[in-house]
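Hello,

Here is the structure I promised to pass on. Have a look at it first, and then read on for what turned up.

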Amino acid sequence: MKYMHLIWAALFRRKSRTFLTLVSILAAFLLFGMLDATRAAFDSGDSVIGVDRLITTSRYSIIQSLPASLQTRMEAIPGVKSVGYANWFGGIYQDPKNFVLSFAVSDNYLDIYHEMELPAEQRKAYETTRTGAIVGDALAKRFGWKVGDKIPLQSTIFPQRNGDKTWPFDIVGIYTPAKGAANGTDQQFFFHHKYFEDANAFHSIGTTVGWYVVKLTSADKADSVAKAIDALSANSDHETKTQTEQAFNASFAKQLGDIGLIVSAIMGAVFFTLILLTGNTMAQAVRERTNELAVLKTIGFSSQSVLGMVLAEGVLLLVLGGVLGLALAGVVVPIVAKGSGGMLNLPPIGASTWILGLMLMVVIGALVGALPAIRAMRLNIVDALAGR
């Protein structure tokens, strides 16, 4: 570090060029931070909570309903502790931009999803209120809801039997997700499936459900139970596909595409372009200082010292821009998540992103500085001073 003042002076020898290069690096790592947050959001279904749950849907499409009669047959399978069910509702609150992740669920749903912590008195109120609904604390905060509020949700799919698509609900509980719950759990809205059945113009009462949620006696029995459940409807018009909750979340996300592959491809292109840009900057900067580097060697600087200073210059350039970019991403990501109205549950920039980012900064910095540094190390003093 004793040559830090020389490295710093060399880096900012051409201030405008260095500034523009730093802006490019900042933009690259800002994009890296945001895309990594997006990837982390889609990977959040890998929580250890829920390893003892299975999801049973139609083999052909998640939007195809299943017979309600399957429930009792599924409950009789060894290894099954309880079976609940749910149906997608898809509500909008006041404005089409205010989309609410809303579901009609069975009475035992909260017992299966124990990570949704609800006060006992609110649980009792929910059980006894036909139009009662419970909401995640983040969703309640987003719209300013509180217990006792009466709110309307407009369904994007299901009209009531009177033709009205606006459904009235009573907020009777606000739950808090336990530590380790999947990302987005605090943004959901649940109400009674019985209310959905009774009032829904498209639904035959007690005959179908959207999907089943199976609570296991032990996570070790997941494979055998899944096969037994799917065997119940084999070769029928309602064949099922049963998988772990983590696998279901992952497959649901992959309907949008392989997020990890998409993020990797984008960042690969960005960092390849960044290497070309910063590599050109470093090569030009060293070429302009050929005489100065020769003077350093003349007054006693070893070839290894010159090599180290040029490499350090490249790394310092990347670290300065990269740290600023990731720091800005840490500010922008929560703003984007909040501005999305809860549709994007992006986690904050975490330690893993910072560690990976810093590693990339060092590696790219060393890579773009390697060729100019080797050239500087091999510099012949006489030829350099003579301008050859």
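A residue is called buried when its relative accessible area is under 20%. Please keep in mind that this is a predicted model. At 7% relative accessibility, His192 therefore counts as buried. You will find His192 in strand S10, which covers residues 188-192. Leaving aside residues up to four places away in sequence, His192 touches Ala104, Val105, Asp107, Tyr126, Glu127, Thr129, Arg130 and Gly132.

Now for the aromatic rings. How many aromatic pairs does a search of the whole structure find? The search finds 28. In one of them, the ring centres of Phe29 and Phe32 are 6.1 Å apart and the planes stand at 75°, so the pair is edge-to-face. Both residues belong to helix H2 (residues 15-42), where they are three residues apart, about one turn of the helix. Phe29 and Phe32 are both buried.

Phe103 and Trp211 also make an edge-to-face pair, with 6.1 Å centre to centre and 80° between the planes. Phe103 is in strand S5 (residues 99-105) and Trp211 in strand S12 (residues 211-216), so this pair ties together parts that are 108 residues apart in sequence. Phe103 counts as buried at 13% relative accessibility, and Trp211 counts as buried at 11%.

There is also a cluster linked by ring pairs, and its members are Phe89, Tyr93, Phe143, Trp145, Phe158, Trp167, Phe169, Phe189, Phe191, Tyr195 and Phe196.

One last item is a charge over a ring: the charged end of Arg53 sits over the ring of Tyr113, 4.0 Å from the ring centre.

Best wishes

Conventions
Residues are numbered from 1 along each chain as its sequence is written. This is a predicted model: local features need pLDDT of at least 70, side-chain atom pairs count only at pLDDT 80 or more; totals for chains, interfaces and linings use all residues. Side-chain values use heavy atoms; hydrogens and water are left out. Helices (H or I, at least four residues) and strands (E, at least two) are DSSP runs, numbered from the N terminus. Buried means under 20% relative accessible area, exposed over 50%, partly exposed in between (1.4 Å probe, protein chains only). Contact means heavy atoms within 4.5 Å. Rings of Phe, Tyr and Trp (its six-membered ring) pair if their centres lie within 6.5 Å; planes under 30 degrees apart count as stacked, over 60 as edge-to-face and the rest as tilted. A charge sits over a ring if NZ of Lys or CZ of Arg is within 6 Å of the ring centre and within 35 degrees of the ring normal.
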